[in-house]
Amino acid sequence: MAIKAIFLDAAGTLIKPARRVGETYAVLARKYGIEVSAAEIAERFRLCFHSAPPLAFPGAPAARIEDLERAWWKDLVRRIFEPWDGFQRFDDYFAELFAYFAQPVAWTLYPEVAETLSALEKRGMVLSVISNFDSRLIGILEGLGAAHWFEHIFVSSRVGYAKPDQQIFHTALERHSLKAGDALHVGDSEEKDLHGANKAGLKGVLVERNGESNSNPSLRITSLRGIFPLLDDLDQR
Ligand SMILES: [Mg+2]
């Protein structure tokens with residue numbers, strides 16, 4: 001079975017925040033007179049992010065997407081700060097935070113990304129990103145010098161469906177004129193990436209950089225370099 005394309009998730013798979021998210025939120029909040037610890041904010045972020053609606057706006061006209069993305073994040077950040085009263089300049093805080101995370105310097109590529117993607121490209125693989133992120137991702141990947149590897153960068157906010165919805169995977173396959181069996185999808189979320197891809201008929205690969213998960217999917221790697229032995233193995237079947 002020959003794999004022709006590899007789809008990759010972005011955050012936690014290709015890129016990570018240059019500084020811990022909780023720390024960025026807390027340091028900036030202090031500037032606006034709100035004293036919170038990075039750990040408290042990190043915990044609130046986890047809680048609120050997990051219960052947030054999908055970052056997708058089915059049927060929305062393209063011209064409205066950026067406003068909707070911003071409103072989605074503003075809602076989330078507002079909920080994160082609910083336990084702290086008296087955040088008077090919240091709008092200004094949010095604007096600064098949102099702009100901060102749009103900058104490439106706010107993110108870093110995992111160390112093995114460049115060598116891995118270059119080698120996959122040499123092998124003739126079609127590479128694309130499938131991410132539950134928003135339009136900012138495109139500028140971030142460009143700024144990090146990573147966009148050129150990808151034929152497409154599919155972000156849920158623009159596709160109209162977020163992982164684990166099968167539809168985002170089907171959209172990517174259709175755009176490439178590929179069948180589900182032609183593609184691998186690699187990501188760090190068991191639910192969104194591994195199970196989402198598998199349900200859509202693609203081979204899902206879970207990247208677990210700390211290797212601590214209790215789960216035991218057969219396609220599990222601890223760095224993107226692990227893609228090569230998987231491809232060799234699939235080629236031999
Ligand atoms: Mg991820």
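A polar contact of 2.8 Å ties the side chain of histidine 185 to that of aspartate 193. Such a contact is a pair of N or O atoms within 3.5 Å; within protein, one must be able to donate a hydrogen and the other to accept it, and residues adjacent in sequence count only if both atoms are side-chain atoms. The model is predicted: local features need pLDDT of at least 70, side-chain atom pairs count only at pLDDT 80 or more, and totals for chains, interfaces and linings use all residues. Residues are numbered from 1 along each chain as its sequence is written, and side-chain values use heavy atoms, with hydrogens and water left out.

Histidine 185 sits in strand E6 (residues 183–187). Helices (H or I, at least four residues) and strands (E, at least two) are DSSP runs, numbered from the N terminus. Histidine 185 has 0% relative accessibility, so it counts as buried. Buried means under 20% relative accessible area, exposed over 50%, and partly exposed in between, with a 1.4 Å probe and protein chains only. Beyond four places away in sequence, histidine 185 touches residues including Phe7, Asp9, Phe169 and Val205. Contact here means heavy atoms within 4.5 Å.

Next, the metal site. Asp9 (OD), Ala11 (O) and Asp188 (OD) coordinate the magnesium ion at 2.1 to 2.2 Å. Donors are N, O and S atoms within 2.8 Å of the metal (3.2 Å for Na, K and Ca); water is not among the atoms, so sites may look incomplete. The donor spacing along the chain is D-x1-A-x176-D. Aspartate 9 and aspartate 188 are 179 residues apart and link distant parts of the chain.

Two helices follow. In helix H2 (residues 38–50), the buried residues are Ile41, Arg44, Phe45 and Cys48. They cover an arc of only 105° around the axis, so they lie on the same side of H2. The arc is that of the directions from the helix axis to the C-beta atoms. Ala39, Leu47 and His50 are exposed on the other side. The buried residues of H2 pack against helix H1 (21–31) and H3.

Helix H6 (residues 136–143) buries Arg136, Leu137, Ile140 and Leu141. Seen down the axis, these fall within an arc of 125°, so they line one face of H6. Their cover includes helix H3 (65–80), helix H4 (90–100) and strand E4 (126–131). Glycine 145 follows H6, with a positive phi near 75°.
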